[in-house]
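Keep the picture open while you read and look up each residue as it comes.

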Amino acid sequence: MEPEKGGIDGSRSVRDMHHLRLMSLLQEQERKHGRRRVAEILGVDRRTLDIALDQGMLNRRIRGALEKALQSGVGSAAAQQRDRSDVLEDRLGDLENLVEEQGREMREEQIQGLLRIERALAQHNGAGGSQGEEQASEATQQEKGKQSPLRREYPDLVTLNPDADDEEVLGDAW
């Protein structure tokens with residue numbers, strides 16, 4: 001039993017669809033510009049164009065000109081695609097701006113939250129008053145990009161061997 005011929009390779013339907021697309025473009029351009037102007041645009045003789053439109057047959061020259069026109073974006077389908085692309089580009093720009101703005105807001109909220117926590121900790125530890133605000137201000141400067149001083153995970157931990165930076169880290173307790 002022989003395999004059934006058809007599909008894309010053995011089908012005329014693909015060529016027929018391409019022919020229909022070219023004819024549709026030609027007819028659209030005729031409605032839009034008129035036969036004389038379309039002949040000038042495509043660079044073909046007016047009589048050749050008349051035959052193609054009247055008989056629905058595209059010779060090699062008109063087919064080539066129409067294919068070039070399709071590739072260069074002529075026709076309503078190409079215009080619609082350009083319009084869709086422009087709309088999507090605008091929407092993408094709006095989304096990028098929104099994400100950037102929300103990122104800035106989130107960073108500001110984080111900084112404010114850290115300041116509140118540091119003030120509360122300073123007051124809880126008895127620093128209070130202007131000293132607590134001073135520490136919060138220092139913390140803000142550190143948050144905005146300055147390198148923080150040496151920190152230890154457990155600054156109250158006492159070890160047998162002192163480190164070189166114990167005096168700086170432990171301060172008055174040293």
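1. Let's begin with Leu114, which sits in helix 5, spanning residues 76–124. Helices here are DSSP runs of H or I with at least four residues, strands are runs of E with at least two, and both are numbered from the N terminus. Before going on, note that this is a predicted model, where local features need pLDDT of at least 70, side-chain atom pairs count only at pLDDT 80 or more, and totals for chains, interfaces and linings use all residues. Residues are numbered from 1 along each chain as its sequence is written, and side-chain values use heavy atoms, leaving out hydrogens and water.

2. Together with Ile117 and Leu121, Leu114 makes a nonpolar surface patch with about 260 Å² of accessible area. Patch members have over 30% relative accessible area and no salt bridge; nonpolar side chains (Val, Leu, Ile, Met, Phe, Trp, Tyr) are joined within 5 Å, like charges within 9 Å. The areas come from the Shrake-Rupley method with a 1.4 Å probe, and for residues only the protein chains shown count as cover.

3. Helix 5 also holds Asp90. Asp90 counts as exposed because its relative accessibility is 51%. Asp90 belongs to a patch of negative charge on the surface, along with Asp83, Asp86, Glu89 and Asp94. For charges, Lys and Arg count as positive, Asp and Glu as negative, and His and the chain ends are not counted; the place of a charge is NZ of Lys, CZ of Arg, CG of Asp or CD of Glu.

4. Now look at Glu28 in helix 1 (residues 13–33). Glu28 is buried but has no salt bridge, and the nearest side chain of opposite charge, Arg31, is 5.4 Å away. A salt bridge needs a side-chain nitrogen of Lys or Arg within 4 Å of a carboxyl oxygen of Asp or Glu. Leaving aside residues up to four places away in sequence, Glu28 touches Gly75 and Ser76 (contact means heavy atoms within 4.5 Å).

5. Ile41 lies in helix 2, residues 35–42. Its relative accessible area is 44%, so Ile41 is partly exposed.

6. Stepping back, the protein has seven helices and zero strands. Of its 174 residues, 20% count as buried.

Terms used
Buried < 20%, exposed > 50% of the residue type's maximum accessible area, 1.4 Å probe, protein only.
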